[in-house]
Amino acid sequence: MGCSRIGSTRVAIVVALTTILASCTSLPRSGPDHKDVDRDAAVKVTTKERRVGIDYALIDLSKNVLSYFTAPQPTSFKGFGGGRGGAPEIPLGFGDVVQVAIFEAQSGGLFIPSDAGSRPGNYISLPEQTIDRNGTITIPYAGRVPAAGRLKETVEQDVEDRLASRAIEPQVVITTTTSRSSQVAVLGDVNNPQRVEISPAGERVLDVISAAGGLTTNNIETNVTLQRRGKTATVAYTTLLKNPAENIYVAPDDTISIDHERRTYLALGAAGTSGRFDFEESDLTLGEAIAKAGGLRDDRADPAQVLLYRLVPKKTVAAMHVDATRFTGETVPVIIRANLRDPATLFAVQQFKMEDKDIIYISNSASVELVKFLDIVNSVSSTVAGVTDDANDTRNAVQDLGN
């Protein structure tokens, strides 16, 4: 009877302390109380039921799920063409400087005088000229000849046809002395950003990057973006090295941008170390990322609730037979849950590839929140006989259950 009364008294004390603690605003804190912030706001823009309002999909990590997340889907340069075969033919363009040589079969013609025997050859070389803004060059007795956008061989034949009735079996050779239209701009994280001239032999993407002095950053975190006539694609630099089909021929007026992108992920919650972590010079799996963050804390973490937050392409979610109709846009917020209490999941996390800007959240064990509460009760009830011992005993019992 006495023990029951004492126990009831202790329960009443704990309840009273809890009530006092809940209403107390003078406890130490590092900033303003959230109630004061909410009360004193001049204008409030809040969500219903204190929810952010972002819909998301929850997917448990399993063998079937792995196949949809083996690797990110990169863009490709193959859509631009120029991956196989010989170098593409490069036409003449605006601003190119050319020189035209005209040959005749014998002297006494239009360009070769009768005393040609004293000349070193049966041809003349016209002064160098620039293809003008109209895209033409000027040839005596042939007039203004269109050149920009045409192959040299086509322009040569056009000039020959125009002179055929006046010169003796004319033959025309056009030489490009300065190619201003057949250049590629290489920008970004290279040692010597510049415009690289394309030779008739053809240059590929890696060729022009090399001509610009090579990379200033490590390979693994560098992306190469190609822009051509309003079309853009980005591939990893390592992809260009490993897959020759991506190392395509460049074309005049291409722009190639080299960007070093620092790949990071966040680890929050009951991780050994919370914070932002770099991928550095390697690709990471979920298991490696957890280990890099110090693993799970034995005294706090719930191994069954390891959560990874990621924006996933909508088509990937749909391929998993998940109803994605309620999601707008091209991506779906997805939480992938890994249950590390299941031994097989440890194999799965070593196959699941991390992506840039992923967030790992390791939930607290259910017992941790109760232990936190009992610690607060213990700190404010040290003068009440018996309550401290009860709180410590309860806390230890909860921790034992959690372990």
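**Notes on rings, loops and a surface patch**

1. Start with Arg204: its charged end sits over the ring of Tyr249, 4.0 Å from the ring centre. The rule here is that NZ of Lys or CZ of Arg lies within 6 Å of the ring centre and within 35 degrees of the ring normal.

2. Some housekeeping before going on. This is a predicted model, where local features need pLDDT of at least 70 and side-chain atom pairs count only at pLDDT 80 or more, while totals for chains, interfaces and linings use all residues. Numbering runs from 1 along each chain as its sequence is written, and side-chain values use heavy atoms, with hydrogens and water left out.

3. On to ring-ring pairs, taking Phe, Tyr and Trp (its six-membered ring) with centres within 6.5 Å; planes under 30 degrees apart are stacked, over 60 edge-to-face, and the rest tilted. The count by this rule is six aromatic pairs. One of them is Phe111 with Tyr141, edge-to-face at 6.0 Å centre to centre and 70° between the planes. The two are 30 residues apart and link distant parts of the chain: Phe111 is in the loop between strand 2 (97-103) and strand 3 (123-125), Tyr141 in the loop between strand 5 (136-139) and strand 6 (143-146). Strands (E, at least two residues) and helices (H or I, at least four) are DSSP runs numbered from the N terminus.

4. The cut-offs are under 20% relative accessible area for buried and over 50% for exposed, with partly exposed in between (1.4 Å probe, protein chains only).

5. Another pair worth a look is Tyr265 with Phe277, which is stacked: 5.5 Å centre to centre, 25° between the planes. Tyr265 lies in strand 13 and Phe277 in strand 14 (residues 275-278), so the pair ties together parts that are 12 residues apart in sequence. C-alpha to C-alpha, Phe277 and Tyr265 are also 5.5 Å apart. Both residues are buried, Phe277 with a relative accessible area of 14%. Ring pairs also bring in Phe279, giving a cluster of Tyr265, Phe277 and Phe279.

6. Two backbone angles to check. Most residues other than glycine have a negative phi. Tyr141, from the edge-to-face pair, has a positive phi near 70°. Arg229 is not a glycine either, yet its phi is positive at about 50°. Arg229 lies in the loop between strand 10 (222-228) and strand 11 (231-236), and this residue is exposed, with a relative accessible area of 75%.

7. Now the surface. Leu266, Leu268, Tyr309 and Tyr361 make a nonpolar patch of about 310 Å². Leu268 is in strand 13 (residues 264-269) and is partly exposed at 36%. Patch members need over 30% relative accessible area and no salt bridge, with nonpolar side chains (Val, Leu, Ile, Met, Phe, Trp, Tyr) joined within 5 Å and like charges within 9 Å. A salt bridge is a side-chain nitrogen of Lys or Arg within 4 Å of a carboxyl oxygen of Asp or Glu. Areas are Shrake-Rupley with a 1.4 Å probe, and for residues only the protein chains shown count as cover.
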